[in-house]
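The sequence and the model are shown first.

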Amino acid sequence: MDEPLSAGSSRQDFETSFRSIDRATSRRVDTSIHQATPWPVSSSVNFGLIGTPLAPVSATAHSDYEPIMRSSPDRSRWEQDSPSSRDSSEFPSDVSVPRVSANIPRPQGRSHSQRRPSNRDEFDGPHQFLEMPSTDQMAAQERDLPHVPTNLYVQEQDDVLSQVNDRLSQCAFDFVAKYQFPIPLEPDKRPVSRPADREWTEWVYLLKRLATKRRIPARLLYNGQIKQLVTVLENSLEMRHAAKHQSRPLKDDRNVLQLISAGLQVAKILRDAEAMRYLDSLYLSTEKKIQGRVSGAGSQFGYGAQ
């Protein structure tokens, strides 16, 4: 009977056998590479022993000897130590640059652009309608409008509104000149040297631009009402339209007085005491004339003041 091998001798024999297999495998790999490569390979390339990092080889040469390497018994050891094997194992193939798959379900229907067409507005979106009033209420609203007294003649209304327009232009001219606000030069208009060089609508536009650009300090206005300045100016814009377009229908007495009052508010917020006195006097005189016409008409029909 054979004697049992000791642990030391068995380990030594195993290592000797492994080296012989390693050398044999190395020779086979080296020979097979030279035989399978039809293209010239640089003599400086040293593949070394199995398990040592390999020098970079062209993709064509790698494709020729790769099947032979996989058939080697040391395939697992070679793939473990190979740089290319480490790269492929550390970065799995499924973790790659995402691509759009053809199997991804697409939303049904036509895709609409986020940009809203120019002919659509917020009223085309979700909205509501109020309940219609009753028939009796609509009938009462559609009756003939009550008569509003109009006692001033056309020429008298034009004169009053022209005075308000001219005085407001003077007020704006003095305000801009006093505080030295800039007036942009326009090629189609001459420089401003007097209030009449700009219409009231143009003065309003200039003051509004100065206010929105924060060129007018709030301390220059009455009670610092910088936020109310634009509204007060816009309320007076009808003055110029009424004075310029004299073919418009007659304004009732209260509307005429309201326009004078709007001009008075402009002079007040611009802190122009002289303009305020002028417009206040115009308001009182116009109101007195209207009252005189009302009293005269009442006495003519026999129902004047008792």
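The accessible surface of the chain comes to about 23,300 Å², and carbon and sulfur atoms account for 52% of that area. The model is a predicted one. Of the 306 residues in the chain, 25% are buried.

The chain contains 11 helices and zero strands; read from the N terminus, its elements accordingly run α-α-α-α-α-α-α-α-α-α-α. Among contacts between residues at least 6 apart in sequence, 70% join residues at least 24 apart.

**Nonpolar core**

The largest nonpolar core comprises 37 residues. Within this core, Trp200, Leu207, Ile216, Leu229 and Leu270 touch the most other members.

Leu270 illustrates how residues from separate parts of the sequence meet: with neighbours within four places in sequence left aside, Leu270 is in contact with Cys171, Phe175, Leu207, Leu221 and Leu229. Two of these partners, Leu207 and Leu229, are themselves named among the core residues that touch the most other members.

**Largest pocket**

The largest pocket has a volume of about 340 Å³ and is lined by 15 residues. Pro184, Glu186, Tyr205, Leu206 and Arg209 lie nearest the centre of this pocket. By class, the lining holds eight nonpolar and seven charged residues, with no polar residues.

Methods:
Residues are numbered from 1 along each chain as its sequence is written. This is a predicted model: local features need pLDDT of at least 70, side-chain atom pairs count only at pLDDT 80 or more; totals for chains, interfaces and linings use all residues. Side-chain values use heavy atoms; hydrogens and water are left out. A nonpolar core is a set of buried Ala, Val, Leu, Ile, Met, Phe, Trp, Tyr and Cys residues joined through side-chain atoms within 4.5 Å. Buried means under 20% relative accessible area, exposed over 50%, partly exposed in between (1.4 Å probe, protein chains only). Contact means heavy atoms within 4.5 Å. On a 1 Å grid over the protein atoms alone, a cavity is a set of points where a 1.4 Å probe fits but cannot get out, and a pocket is an open set with protein on both sides within 12 Å along at least five of seven lines; lining residues have an atom within 4 Å of a point. Grid points are joined across faces, edges and corners, and a volume is the space filled by probe spheres set on the points. Ala, Val, Leu, Ile, Met, Phe, Trp, Tyr, Cys and Pro count as nonpolar, Asp, Glu, Lys and Arg as charged, and the others, Gly among them, as polar. Helices (H or I, at least four residues) and strands (E, at least two) are DSSP runs, numbered from the N terminus. Accessible areas come from the Shrake-Rupley method with a 1.4 Å probe; for residues, only the protein chains shown count as cover.
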